[in-house]
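Work through the exercises below with the coordinates at hand. Each task is followed by a solution in steps.

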Amino acid sequence: MALKHLFITISAALVANAAAVSKRATCSTGQTVSNAACCAWFPVLEDIQQNMFAGGQCNAEAHESLRLVFHDGIAISPAMEARGEFGGGGADGSIMLFDTIETAFHPNIGLDEIVNIQKPFVQKHGVNPADFIPFAGAVAVSNCPGAPEMQFFTGRKIATQAAPDGLVPEPFHTVDQILARTNDAGGFDELETVWMLSAHSIAASNDVDPTVQGLPFDSTPEQFDGQFFLDTQLRGVLFPGSGGNQGEVESAIAGEIRLQSDHLIARDSRTACEWQSFVNNQTKLQDDFQFIFTAIATLGQDMDALVDCSDVIPAPQPQNFGATRFPPGKTNADIEQACAATPFPTLATVPGLATSVARIPPPPGA
Ligand code: HEM
Ligand SMILES: *[C@@H]1O[C@H](CO)[C@@H](O)[C@H](O)[C@H]1NC(C)=O
């Protein structure tokens, strides 16, 4: 009995091993991948790069696709499950499958636009929506110069019901609330919460200030870089319309919007030094974001059941910028130092007169 069991175990292992080896495949589209199941994603890649990301740009659709990954994934609460309530399924595509419910939740304002943009691609290619959302997000980030190599896993279980309301952080939440939420959702600590917020390096707001669309969070919203961490550490100045809305505080650069949550996390003693560490350490920024993106994009899923299709994601756009610099007119004297342990790095200033940062309007018709 024991021997038979051993034999079966070994043969099963050999079969599994043979299957793993033979899985390495050349796709009909020409690329070689580690698992033949990944081939299906190349036509999707080609289509979204051309027809959603305007030929591989880090555009508004790319920014929105990244935000969608977070708002789908973070909607999971083991604490609610422990109380006997349904706590959401995490990265299960519920934000697309139950979009009429979830995009009506307050923190999801505006996400109906990108869901409506993405849905036809999901339908056309017949792919799993829970996988498509992180796929589009990973491709989106790879389009932004300075991005890490992004990972992509397939095979997610899809949502059978909408996530409950109240699980997505809001910009008017306290640091305590946000840290408690990310900790509940994925066991993330305060440092990992800072890592997540690197996403706001390639981001703009359409809805926090209802009168102005496409206000960036930093002065280089097409680059995945440390500028966001610098800009948010500058002392705020009151511009027309700056700081007047719920969840918004005064920004330091004309044309930029600063979320209250980003402002507070940049200044909280638990998070300020980690925040500062990203100002001019591109390698750390990339490594930590690569890790945390995959963690968010697989919340609620069994990693062992997923297939690694990272070889479908394009190599990131090369870094086309140098060390982080102060925007025109700003220097180290404008920093509101919050990290007690380490001084703010001494950085150069972009020459010239201060100008207003250009807006990134949402897609037409969205
Ligand atoms: C944890 C606390 C967070 C809060 C309170 C927060 C809040 C916000 C808010 C209020 C906006 C502006 C929405 C609008 O007005 O259109 C925004 C935009 C954005 N967020 Fe977050 N966010 C958080 C974390 C994250 C994370 C972890 C990611 C991704 C990993 C992310 C990705 C983005 C992106 C890419 C945008 C820009 C979307 C665009 O340009 O259209 N955010 N966030
Ligand atoms: C960047 O971060 C890494 C990881 O924390 C650290 O080892 C390295 O010293 C940092 N580099 C700089 C220039 O601060």
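This is a predicted model: local features need pLDDT of at least 70, side-chain atom pairs count only at pLDDT 80 or more; totals for chains, interfaces and linings use all residues.

Residues are numbered from 1 along each chain as its sequence is written, chains are lettered from A and ligands numbered from 1 in the order in which they are written, and side-chain values use heavy atoms, with hydrogens and water left out.

**Exercise 1.** Compare the radius of gyration of the protein with that of a compact globule.

Solution. Step 1: the radius is taken over C-alpha atoms, and the globule rule is 2.2 Å times the number of residues to the power 0.38. Step 2: for 366 residues the rule gives a value near 21 Å; the protein has 22 Å, so the two agree. Step 3: the C-alpha trace spans about 75 × 50 × 45 Å along its principal axes. Step 4: buried residues (under 20% relative accessible area; exposed is over 50%, partly exposed in between, with a 1.4 Å probe and protein chains only) make up 54% of the 366 residues.

**Exercise 2.** Describe how helix 3 and helix 14 pack.

Solution. Step 1: the secondary structure comes to 14 helices and eight strands, taken as DSSP runs numbered from the N terminus (helices H or I, at least four residues; strands E, at least two). Step 2: helix 3 (residues 60–73) and helix 14 (residues 282–297) pack at about 50 degrees, with axes 8 Å apart. Axes are lines fitted to C-alpha atoms, for helices over the stretch in contact, and angles run from 0 to 180 degrees between N-to-C directions. Step 3: the two helices are therefore oblique to each other, given that angles under 35 degrees count as roughly parallel, over 145 as roughly antiparallel, 65 to 115 as roughly perpendicular and the rest as oblique. Step 4: L66, V69, F70 and G73 of helix 3 meet F289, F293, I296 and A297 of helix 14, a contact being heavy atoms within 4.5 Å.

**Exercise 3.** Find the protein donor of the iron atom of ligand 1.

Solution. Step 1: donors are N, O and S atoms within 2.8 Å of the metal (3.2 Å for Na, K and Ca); water is not among the atoms, so sites may look incomplete. Step 2: the iron atom has a single donor from the protein, NE2 of H200, 2.1 Å away. Step 3: H200 is in the loop between helix 10 (190–196) and strand 4 (204–205).

**Exercise 4.** How many of the eight residues of helix 12 are buried?

Solution. Step 1: six are buried, so helix 12 (residues 260–267) is largely enclosed by the rest of the structure. Step 2: these residues are S261, D262, H263, I265, A266 and R267. Step 3: their packing partners include helix 9 (175–186), helix 11 (227–231) and helix 13 (272–277).

**Exercise 5.** Is P129 buried or exposed?

Solution. Step 1: P129 is in helix 8. Step 2: its relative accessibility is 12%, so P129 counts as buried. Step 3: not counting residues up to four places away in sequence, P129 touches G93, M96, L97, V122 and I158.

**Exercise 6.** Is A54 buried or exposed?

Solution. Step 1: A54 lies in the loop between helix 2 and helix 3. Step 2: its relative accessibility is 52%, so A54 counts as exposed. Step 3: phi of A54 is near 50 degrees, a positive value in a residue other than glycine.
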